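Colleague: I'm new to this one. Could you walk me through how to read it?

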Amino acid sequence: MSSYIQHNFSLPKLTGISEKTNEEHLKLYAGYVKNTNEILGSIKDLSIDPAKNAYVLGELSRRFAFEFNGMKNHEYYFHSFEGGHTEPNIESNLYKAIVQTWGSFDAWMESFILLAKTRGVGWAILYYDKDTNQLLNTWVDEQHLGHLNSCQYIVGIDMWEHAFVADYQPSGKADYIKDYFANLNWNHPESLFEKSL
Ligand SMILES: [Fe+2]
């Protein structure tokens, strides 16, 4: 069985999001990687006697999607800052697809911001569904509840309080979301979209 590797991210100085927040946030990310590997190892060990360990195996299997998606969500999130901010490329296929779907880039941004401000703990994510060639905004509760099966993650924002409260206070969601996009390097979502076509 392969282990998942903890990634190192080359983060630039970010607008609004402090180095301290990133430092603490990366520790949470490291926990998701560690727990993903530990759960896989435990499932393997306990599967030697599946009848005896059925209850624990069931609970670990339920827990796995939380840890695995927590790991992946954070990898996309931190990677999206690498290289520093760039504006979206209006010639890119992603930009054109967003305009085609929502009528304008600003209309998409408005709907995405509204989604990100959803009350609760989770992620606002833009996905691409290759089967129907359409982009979809969705909300994922916690780390794992609501991912769209077979769709490609394009861009997402961590709306857990640990991502923004220290820098923005609980009432500062709107500023945090604005700064997320002020820090986003659009080359990353554009490249994820290209690869999924
Ligand atoms: Fe997070």
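This is a predicted model: local features need pLDDT of at least 70, side-chain atom pairs count only at pLDDT 80 or more; totals for chains, interfaces and linings use all residues.

Colleague: At what angle do helix H1 and helix H2 pack?

Modeller: The angle is about 145 degrees, and the two axes lie 8 Å apart. To find them, look for H1 at residues 19-46 and H2 at residues 54-79.

Colleague: And how many nonpolar, polar and charged residues does the contact of H1 with H2 have?

Modeller: Sorted by class, there are 17 nonpolar, 9 polar and 3 charged residues in that contact.

Colleague: Okay, on to the sheet. In what order do the strands come?

Modeller: Read across it and you get S2-S1-S3, an open sheet of 3 strands with antiparallel pairing. S2 (134-141) and S3 (152-158) are the edge strands, each pairing on one side only. On average, neighbouring strands are turned by 20 degrees against each other, if you ignore direction.

Colleague: Over how many bridges do S1 and S3 pair?

Modeller: Over 6 bridges, in the antiparallel sense, with S1 covering residues 122-129. For a landmark, find leucine 126: valine 155 in S3 stands opposite.

Colleague: Which strands does H2 touch when it packs on the sheet?

Modeller: H2 touches S1 and S3, and the direction of H2 makes about 80 degrees with that of S3. Helix H3, residues 93-102, packs on the sheet too, touching S1, S2 and S3. Compare the direction of H3 with that of S2 and you get about 85 degrees.

Methods:
Residues are numbered from 1 along each chain as its sequence is written. Side-chain values use heavy atoms; hydrogens and water are left out. Axes are lines fitted to C-alpha atoms, for helices over the stretch in contact, and angles run from 0 to 180 degrees between N-to-C directions. Helices (H or I, at least four residues) and strands (E, at least two) are DSSP runs, numbered from the N terminus. Ala, Val, Leu, Ile, Met, Phe, Trp, Tyr, Cys and Pro count as nonpolar, Asp, Glu, Lys and Arg as charged, and the others, Gly among them, as polar. Two strands pair if DSSP finds at least two bridges between them. Contact means heavy atoms within 4.5 Å.
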